[in-house]
Amino acid sequence: MRQFLAIATALVLATGSLLTAAPSHAQSKSDIVIGLQCDRTGATQIVGTVLCPGFHDYIALINSKGGVDGHQLKALEIDHEYKVPPAVESYERHKKDGAVTMAIYGTPQIYALAAKLTEDRIPGTSPGFGSAAAADGQRYPYIFPIAATYWSQGAAAVDFVKKQLNGTLKGKKIAYIFFDNPAGREPIEVLEDLATKEGFQLRTFAVPPPGVEMGAQVLDIAQRFKADFVIAHLFGGAPSVSIKELKRVGYPLRKVVSFVWGSAEANIEGAGGFGVAEGYYVMQFAGVGTDYPVLNEIREMYKKQGKPAPKEMASTVFYNRGVLIGALHVEAIRNAVKAKPDGKITGADVKAGFEKINNFTLGGLVPPLKITAQDHEGGGLVQIWQVKGGKFEKVTDWFAACQDVVAKHIKESGAKK
């Protein structure tokens with residue numbers, strides 16, 4: 001049975017407890033509600049069980065400092081198991097509870113909710129996933145990709161591969177192995193365009209959900225197609241399977257670069273550990289590791305409560321993203337409250353608040369983000385890290401690549417509407 005987790009993250013420091021969500025009629029008038037979708041029990045629980053606690057911890061940190069100009073925040077979480085019908089149900093429940101902004105979870109889910117968000121004038125975020133065309137804030141005024149979309153990730157992957165192959169892709173063979181759902185298929189058109197532009201042969205390899213069987217695809221990549229490089233776009237438990245299968249057939253992992261949802265500690269551990277995955281390249285849209293001021297603040301918050309830091313913090317890739325996503329919602333709310341100090345803000349106010357985010361770095365956890373009414377992506381910046389010596393080691397600084405191609409596809413997607 002689907003589990004609904006309504007978790008109010010207004011943290012009362014006197015007790016150090018995380019309160020269960022109260023019915024909307026019982027909430028203080030000064031409370032500002034955030035709707036948080038999660039997957040703790042479904043196909044991508046490897047992400048949700050770490051990312052969502054990071055989101056809650058950041059909200060708790062803000063509430064421990066008095067909230068946003070005295071207004072406490074309530075992040076109400078519902079587990080939709082990475083399924084669309086429960087995601088739509090959770091959206092309606094969050095709307096009923098007065099949410100003025102929504103953290104959507106999953107590409108199929110943001111597609112299903114796009115029209116509702118616009119109709120109800122409630123902003124929804126999809127950092128690092130979802131519809132790449134939604135980077136155009138004029139056509140999708142209530143959807144905020146914020147972090148690099150799958151089009152930008154695909155473009156960055158091709159640019160990185162080109163550098164790894166001595167600056168030219170002409171005549172090279174690149175395999176794209178992907179989870180066969182809307183998220184996995186999203187960047188194919190950009191990769192095809194870049195294949196034509198750069199002169200490489202692109203072959204796609206679909207992995208049917210739930211992504212636990214891909215021996216045939218990997219064998220084809222390594223021994224029949226003989227790929228010069230592999231771009232992987234897998235998530236849930238699938239990235240770990242791909243690492244093990246590529247290793248089994250002898251394909252060098254230093255010739256693999258993964259999109260952002262196959263790039264966490266959990267993915268490496270599921271494959272057998274960092275020693276097994278040595279050489280594997282991964283893409284990130286938030287910093288990796290524990291040495292960031294905001295994480296120190298969260299640890300200090302727990303210490304003051306007489307508690308150890310949460311175990312989820314050790315899985316830094318997904319946890320740090322949860323903190324980032326929570327912080328982006330808070331920043332938008334903060335901007336909205338500046339315009340309406342009584343805190344009686346609407347979704348439209350928070351939408352305007354997102355579009356005022358400027359030079360936002362969260363103490364170096366992300367590159368300087370700037371969101372405008374025209375650009376809801378914020379530049380499409382990523383970093384590349386590599387599994388090396390038992391840890392993730394940074395390979396590149398923040399960069400965005402082939403943005404002319406990405407912009408062309410954004411424009412063309414508008415013409416198709």
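User: Let's start with the strands. How many bridges join β13 to strand β14 (residues 391-394)?

Analyst: Keep in mind that this is a predicted model. Strands of a sheet pair through backbone hydrogen bonds, either parallel or antiparallel. Here β13 and β14 run antiparallel, and the number of bridges that join them is four.

User: What sits between those two strands, and which residue there takes a positive phi near 60 degrees?

Analyst: β13 and β14 form a hairpin, with two residues between the strands. The residue with the positive phi near 60 degrees is G389.

User: Which residues stand opposite Q386 of β13, in β12 and in β14?

Analyst: β13 also pairs with strand β12 (residues 281-284), again antiparallel and over four bridges. On that side, Y281 stands opposite Q386. In β14, the bridge partner of Q386 is E393. That gives you Y281 and E393.

User: How many of the residues of β13 are buried?

Analyst: Strand β13 covers residues 383-388, and the strand is mostly covered. Of its six residues, the number buried is five.

User: Now the open sheet of five strands: what is its order, and which are the edge strands?

Analyst: The pairing in this sheet is parallel, and the order is β4-β3-β5-β6-β7. An edge strand here pairs on one side only. The two that do so are β4 (73-79) and β7 (143-144).

User: What is the bridge partner of G124 in β7?

Analyst: G124 belongs to strand β6 (residues 124-125), which pairs with β7 in the parallel sense over two bridges. In β7, the partner of G124 is I143.

User: On to helix α7 (residues 215-225). Why are its buried residues on the same side?

Analyst: The buried residues of α7 are Q217, V218, I221, A222 and F225. They sit on the same side of α7 because they cover an arc of only 130 degrees around the axis. An α-helix has 3.6 residues a turn, so residues three or four places apart point the same way. For α7, the value to remember is the arc of 130 degrees.

User: Which residues are exposed on the other side of α7, and what do the buried ones pack against?

Analyst: The buried residues of α7 pack against β8 (173-179), β9 (201-207), β10 (229-233) and α8 (238-248). On the other side of the helix, the exposed residues are A216 and R224.

User: Which residues that follow α7 and α6 take a positive phi?

Analyst: Just after α7 there is a residue with a positive phi of about 55 degrees, K226. Helix α6 (residues 188-198) has buried residues that include I188, L191 and L194. α6 is followed by a residue whose phi is positive too, near 80 degrees.

User: Is C52 buried or exposed?

Analyst: C52 has its place in helix α1 (residues 45-64). Its relative accessibility is 0%, and the cut-off for buried is under 20%. Therefore C52 counts as buried.

User: What does C52 touch, not counting residues up to four places away in sequence?

Analyst: One of the contacts is R40, twelve residues from C52 along the chain. The C-alpha atoms of C52 and R40 are separated by 8.5 Å.

User: How many charged residues are in the lining of the largest cavity?

Analyst: The largest share of this lining, three residues, comes from α1. By class, the lining of the largest cavity has 15 nonpolar and five polar residues, and the charged number is none.

User: And what is the volume of the largest pocket?

Analyst: The largest pocket is lined by 15 residues, with Y111, S131, A133, Y140 and E186 nearest its centre. By class, the lining has eight nonpolar, two polar and five charged residues. The volume of the largest pocket is about 250 Å³.

Note on methods
Residues are numbered from 1 along each chain as its sequence is written. This is a predicted model: local features need pLDDT of at least 70, side-chain atom pairs count only at pLDDT 80 or more; totals for chains, interfaces and linings use all residues. Side-chain values use heavy atoms; hydrogens and water are left out. Buried means under 20% relative accessible area, exposed over 50%, partly exposed in between (1.4 Å probe, protein chains only). The arc is that of the directions from the helix axis to the C-beta atoms. Contact means heavy atoms within 4.5 Å. On a 1 Å grid over the protein atoms alone, a cavity is a set of points where a 1.4 Å probe fits but cannot get out, and a pocket is an open set with protein on both sides within 12 Å along at least five of seven lines; lining residues have an atom within 4 Å of a point. Grid points are joined across faces, edges and corners, and a volume is the space filled by probe spheres set on the points. Ala, Val, Leu, Ile, Met, Phe, Trp, Tyr, Cys and Pro count as nonpolar, Asp, Glu, Lys and Arg as charged, and the others, Gly among them, as polar. Two strands pair if DSSP finds at least two bridges between them.
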